[in-house]
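Please keep the sequence and the model in view while working through the numbered points.

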Amino acid sequence: MTVADSTVELVQVAAAAAAAKGGEEFVSFDVSEPLPLVDAFLLVTGTSERNVAAIADSVEEAMLEAGVKRLRREGRNEARWILLDFGDLVVHVFHEEERAFYGLERLWKDCPIIPVSVPSAVASE
């Protein structure tokens, strides 16, 4: 099974929203093969708790505008690792230290990478 085109589009929506708030180090995995209920993960890094929370809020808002409601959110109070579950897409917004510590890239390294592109104007702001 491969990730649906609509999920790839949602990855781009979420990445652009995260980039607009200073998100960094974007990596997206096609996890449709090992996980039956999720198609993709998007990993994003923020530089502080406030930045992590702002990135998560921006992603939620952009996804809602795209017609996708959040099913679940975890970690908002601590803002060190916020998980946003949108059904086919799960967005992980990490503080730098948590991203390095948990190393999700190592856990999902056998899954195909979904290319993530953010508009250059957003990325350079």
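Predicted model: local features only at pLDDT ≥ 70, side-chain atom pairs only at ≥ 80, totals over all residues.

1. Tyr102 has a relative accessibility of 40% and therefore counts as partly exposed, since that class lies between the limit of under 20% for buried and that of over 50% for exposed. Phe101, at 61%, counts as exposed.

2. Phe101 and Tyr102 form an aromatic pair. A pair of aromatic rings is described by the distance of the centres and the angle of the planes. For Phe101 and Tyr102 the centres are 4.9 Å apart and the planes make 90°, an edge-to-face arrangement. Both residues belong to one aromatic cluster, together with Trp81 and Phe94.

3. How many aromatic pairs does a search of the whole structure find? The search finds 4. One of them joins Phe41 and Trp108; the ring centres lie 5.2 Å apart and the planes stand at 90°, so this pair is edge-to-face. Phe41 is in strand β2, whereas Trp108 is in the loop between α4 (104–107) and α5 (120–123), and the pair thus links distant parts of the chain, 67 residues apart. Phe41 and Trp108 are both buried.

4. The sheet deserves attention next. It is an open sheet of 5 strands, in the order β1-β2-β5-β4-β3, with mixed pairing. Its edge strands, β1 (24–30) and β3 (72–74), each pair on one side only. From one strand to the next, the twist averages 10°. Strands of a sheet pair through backbone hydrogen bonds, either parallel or antiparallel.

5. Individual strand pairs may now be traced. β1 pairs with β2 (residues 40–46) in the antiparallel sense, over 5 bridges; within this pairing, Leu42 of β2 is the bridge partner of Ser28. β3 and β4 run antiparallel and are joined by 3 bridges, and Glu74 has Leu83 in β4 as its bridge partner. β4 and β5 also run antiparallel, with 5 bridges between them. Here Ile82 stands opposite Val93 in β5.

6. In the hairpin of β3 and β4, 6 residues separate the strands, and Gly75 in the turn has a positive phi of about 90°. In the hairpin of β4 and β5, 3 residues lie between the strands, and Gly87 takes a positive phi near 90°. Why is β4 described as largely enclosed by the rest of the structure? The reason is that 4 of the 5 residues of β4 are buried.

7. Helix α1 (residues 5–20) lies across β1, β2 and β5 (89–95), and runs at about 10° to β2. Helix α2 (residues 49–65) touches β2, β3, β4 (81–85) and β5, and its direction makes about 160° with that of β5.

8. Met63 lies in helix α2. Is Met63 buried or exposed? With a relative accessible area of 0%, Met63 is buried. Beyond its neighbours within four places in sequence, Met63 is in contact with Leu10, Val13, Ala14, Val68, Phe86 and Leu89. Arg76, by contrast, is 13 residues away from Met63 along the chain, and the C-alpha atoms of the two are separated by 17 Å.

9. Charged side chains form the last topic. Side chains of opposite charge can pair when their charged atoms come close. A search of the whole structure finds 9 salt bridges. One of them joins Glu74 and Arg72, whose closest N and O atoms are 2.7 Å apart. Glu74 is partly exposed, with a relative accessible area of 40%, and Arg72, at 40% relative accessibility, also counts as partly exposed.

10. With Glu97, the closest N and O atoms are 2.6 Å apart; Arg80 lies in the loop between β3 and β4 and Glu97 in helix α3 (residues 96–102), 17 residues apart. Glu97, at 53% relative accessibility, counts as exposed. Between Glu98 and Arg80 the closest N and O atoms are 2.9 Å apart. As Glu98 lies in helix α3 and Arg80 in the loop between β3 and β4, this pair ties together parts that are 18 residues apart in sequence. Glu98 and Arg80 are both buried. Salt bridges with shared partners join Glu49, Arg80, Glu97 and Glu98 into one network.

Terms used:
Residues numbered from 1 in each chain as written. Heavy atoms only, no water. Pairing = 2+ DSSP bridges. Helix = DSSP H or I, 4+ residues; strand = E, 2+ residues; numbered from the N terminus. Axes fitted to C-alpha atoms, helices over the stretch in contact; angles between N-to-C directions. Contact = heavy atoms within 4.5 Å. Buried < 20%, exposed > 50% of the residue type's maximum accessible area, 1.4 Å probe, protein only. Phe/Tyr/Trp six-rings, centres within 6.5 Å; stacked < 30°, edge-to-face > 60°. Salt bridge = Lys/Arg side-chain N within 4 Å of Asp/Glu carboxyl O.
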